[in-house]
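This report goes through a structure part by part. Please look at the sequence and the model first, then read on.

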Amino acid sequence: MDTWHAHRRAFWTFFLPPTAWLVLFFLAPLALVWGFSFGEKRGLVEIAINGTLENYVRALDPLYLRIFGKSFWFAALTTLICLAVGFPVAVAITFAPPRWKPILLLLTILPFWTNLLIRTYALIAVLRTRGYVNFAAEWGWERADAALAWVGLGDLHLLGERFEPLAMLYNNTAVVFGLVYVHLPFMVLPLYAALDRLERSYLEASLDLGASQLRTFASVVVPLALPGIVSGVIITFIPALGSFLTPDLLGGTDSQMIANVIERQFKSANDWPFGAALSFLLMYVTFFALALRAAASRGRSAMEAA
Amino acid sequence: MKEVRGASTEPPIVEIRGVTKRFGAGRPAVDSVDLEIPRGELFALLGPSGCGKTTLLRMLAGFETPTAGEIRIDGADVAGVPPNRRPVNMVFQSYAVFPHMSVFDNVAYGLKVTGAPVAERRERVREALGLVRLDGLEARKPDQLSGGQRQRVALARALVKRPRVLLLDEPLSALDAKLREAMRLELVNLRIAVGITFVFVTHDQDEALSMADRIAVMEHGRVRQVADPAALYEYPSCRFVADFIGKVNLFEASASAGRDREGRLVLEVPGLGALPVPHPEPVQQGEIGLAVRPEKLRLGESRPDAEIVFEATVEDFAYYGSETRLFLVTEGGVRLSATVPNTDRGPVRIERGARRFVSWAPADTLVLTE
C-alpha cells in the first residue's frame with residue numbers, strides 16, 4: 001500500500017474510472033431524486049425543485065404511515081422467521097461432512113440463478129387454489145375421508161362435506177411466506193460464515209463443563225455467532241423492507257408495502273416528487289438502522305479494548 | 001508390554017479395557033489399548049503425532065465413542081455417558097477460554113450451568129483463581145490476557161468443577177519455551193495441591209519425563225510401554241521406546257554366541273565384535289537389538305581398563321552449553337554418539353579427526369527383543 005504514493009499516475013488511472021462510474025450513475029441520480037423530493041410537479045414531465053417540504057408532510061399522512069408500519073412489520077416478521085429457519089440450516093451446513101458442505105451451500109444459493117419474477121410465479125403455482133399444495137391436501141383429504149367411510153363413520157362427514165381448498169394466496173400470509181422464501185439465503189449465508197469460523201473447542205469446552213447442548217447453544221454458540229446474526233438480520237431486513245414484487249404478486253388488496261406505493265408514484269400516478277420523498281424517508285430509516293449497528297459494534301470493540 | 005503396577009491397593013480411577021477407535025477404514029486410531037491409571041497420579045500419554053494419544057484422551061472426556069472396549073472412570077462404565085455428565089474435565093490445547101466472557105464468568109460457567117448457588121459459585125471461583133494465581137484478574141476479558149494467563153483460566157475453569165480426573169491435551173504446547181519450563185513444575189505442584197488425578201497428552205518426551213509419575217508411550221494406536229520415567233528411559237521395552245525417549249545408540253546383533261562363564265549373554269554385533277550383556281532372561285535367536293545411551297559412553301585419550309572398548313575417530317561434535325555431543329566412527333565402521341558433560345569451564349578440547357577410546361559398562365547395555 002505504500003507504493004501508490006510513488007505511482008500517482010497509475011493510481012489515478014485505476015481509481016478514476018470506477019469513481020466516475022459511481023458518481024455519474026449512482027450518486028448523481030440519487031442526488032437528483034433527493035432534489036425531486038423537495039420539488040413540485042408543474043407539468044407532465046416538468047418538476048420544479050423549490051425546496052418545499054410538502055412532499056414529506058404528505059408522506060407523514062396516517063395513510064402512508066400505516067403502510068410504512070405494515071412494511072416494517074412484514075420485514076421484521078420475515079427477518080424473524082428467516083432467523084428461526086435459517087439458524088438450524090446454517091448449523092446443519094456447518095456440521096455437515098466436509099464433502100457435503102459445498103453442495104449444501106450451492107443449494108442455498110441456487111434460487112439466485114432463477115429470476116425473482118419466475119420464482120414468484122412458481123410460488124403462485126404452488127400456493128393457488130388449484131395449486132400443488134392444494135392438490136396434495138385434497139389427495140390427503142380423500143384418503144382420510146375414504147378411511148373414515150371404511151370404518152363406518154362416512155355418514156358423519158367428520159372432515160366436512162367436501163374438500164375446501166386452502167386460501168394461501170393474495171393475503172398477508174402469502175406476502176410474508178414469499179418474502180421468507182426470497183430472503184432466506186441472505187440469512188443463511190452470513191450465519192453459516194459466522195458458525196463455520198466458530199472454533200469447535202468452545203462447544204466442547206462448554207459440554208465438558210457440564211452444560212447441556214441447549215445451554216451450549218444459548219450461552220456459547222449464539223453470543224459467538226452474534227456478528228453473523230446481526231449481519232444476517234440487516235441484509236435480510238433491508239431488502240425485505242423495500243420489496244415490491246412479492247407483495248404485488250402474492251398480496252391481496254390490503255397487503256401492499258411502501259415500495260408498491262413508491263412504484264405507483266413514479267409510474268401510474270406520475271408524481272415523482274412525492275415518490276422521491278417516500279423513497280428517501282425509507283432510506284433515512286435504513287441509514288439510521290445501519291448507523292445504530294455501527295455504533296453498537298464500535299461500542300463492543302471499545303469495550304473489548306478497554 | 002511391561003506394566004509396572006502402582007503400589008496402591010485402591011481400585012484405579014481410570015480403567016481402559018481393550019479400547020479400539022476406528023475412523024473409517026484403515027488402521028484404527030486407537031488399537032486395543034489396556035491401561036490402568038491409579039488415583040492421584042500425574043499420568044502422561046506420550047507419542048509422536050498421529051499415535052492416537054489425543055483420541056484416547058477425547059474418549060475419556062466423551063467426545064469420541066470407542067468402537068470397541070470399555071472405559072471405567074471411578075469404577076463406573078462411562079459408555080453412553082455424554083461429556084457433560086462425566087466426572088472429568090478437560091484443558092484444551094487451544095485453551096478454548098470463552099472470548100465473550102470475563103475471567104470470572106469463564107471460571108464460574110461450569111458451576112452456573114449446573115445450578116450452583118451464587119454464593120457458593122463466588123467462593124469456589126475465588127478459590128480456583130487463587131490456586132492458579134490469577135487473583136485480581138476476575139474482570140479481564142480473555143483478549144486482555146497473555147497465553148500463560150489464558151491457560152491458567154482454562155485450568156481454573158476445569159478445576160473449579162472438582163473433577164475425578166483432569167484431562168490435559170498438550171497443555172504446554174501453546175506457550176513459549178521459557179514459560180513452558182516454568183509451567184511444568186507448576187502443574188506438578190498444582191496436582192499435588194488439589195490431589196486430583198491428571199492425565200495429560202504430550203508429544204514432548206522431556207515434558208513427560210520431567211512431569212509424569214508414569215508414562216504410557218504410544219505408537220500407531222497401541223501402547224508400547226507403561227512405566228515411570230526412569231524405568232522408561234533406562235529399561236525401554238522395545239526399539240521404538242528406546243529411540244523415542246532420549247537419544248540412543250542402536251545396534252542389531254547378528255548372532256548370539258551363547259553365555260559366558262558369568263552367565264552373561266554374549267552377542268555378536270557387526271563391526272563391534274562380541275559384546276557381553278547381563279541379561280538373565282532367555283532370548284530367541286536373531287532380531288536382537290542392543291542399545292546404549294550416549295551419556296553412558298566413556299571417552300579417554302588412553303586405552304582404559306574396560307571390557308567393552310573401541311578406538312574411534314571424532315567425525316563431528318556439537319556444543320550444547322551444558323554438554324557436548326560427539327559423533328564417532330569406530331575402526332569397524334560403526335557410528336556412535338556420545339554425550340560428555342561440560343563439568344569444567346574453558347574451551348572445548350576436542351577437534352574433528354581426534355582419536356578417542358570409547359568404552360561402556362556391560363550393565364549399561366540394553367537388550368531389545370522387540
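How many residues does helix 10 of chain A have, and how far does helix 10 reach from its first C-alpha to its last?

## Basis of the model

This is a predicted model, in which local features need pLDDT of at least 70 and side-chain atom pairs count only at pLDDT 80 or more, while totals for chains, interfaces and linings use all residues. Residues are numbered from 1 along each chain as its sequence is written, chains are lettered from A and ligands numbered from 1 in the order in which they are written, and side-chain values use heavy atoms, with hydrogens and water left out.

Helix 10 (residues 226-241) of chain A has 16 residues and reaches 22 Å, close to the 22 Å expected at 1.5 Å a residue. The expected span is 1.5 Å times one less than the number of residues. Helices (H or I, at least four residues) and strands (E, at least two) are DSSP runs, numbered from the N terminus. Among the buried residues of helix 10 of chain A are A:G228, A:I229 and A:G232. Buried means under 20% relative accessible area, exposed over 50%, and partly exposed in between (1.4 Å probe, protein chains only).

In chain B, an open sheet of 3 strands has the order 11-15-21, with antiparallel pairing. Its edge strands, each pairing on one side only, are strand 11 (249-253) and strand 21 (366-368) of chain B. Two strands pair if DSSP finds at least two bridges between them. Strand 11 of chain B is joined to strand 15 (residues 288-292) of chain B by 5 bridges, and B:N249 has B:V292 as its bridge partner in strand 15.

B:R152 lies in helix 4 (residues 147-159) of chain B. B:R152 counts as buried because its relative accessibility is 11%. B:G130, in helix 3 (residues 118-131) of chain B, counts as partly exposed because its relative accessibility is 28%.

## Where the chains meet

Contact (heavy atoms within 4.5 Å) links 26 residues of chain B with 20 residues of chain A. The two chains bury about 1,900 Å² between them, 58% of it on carbon and sulfur atoms. Buried area is the accessible area (1.4 Å probe) that two parts lose on being put together, summed over both. B:N84, B:H100 and B:Y109 supply 26% of the area that chain B buries against chain A, more than any other three residues.
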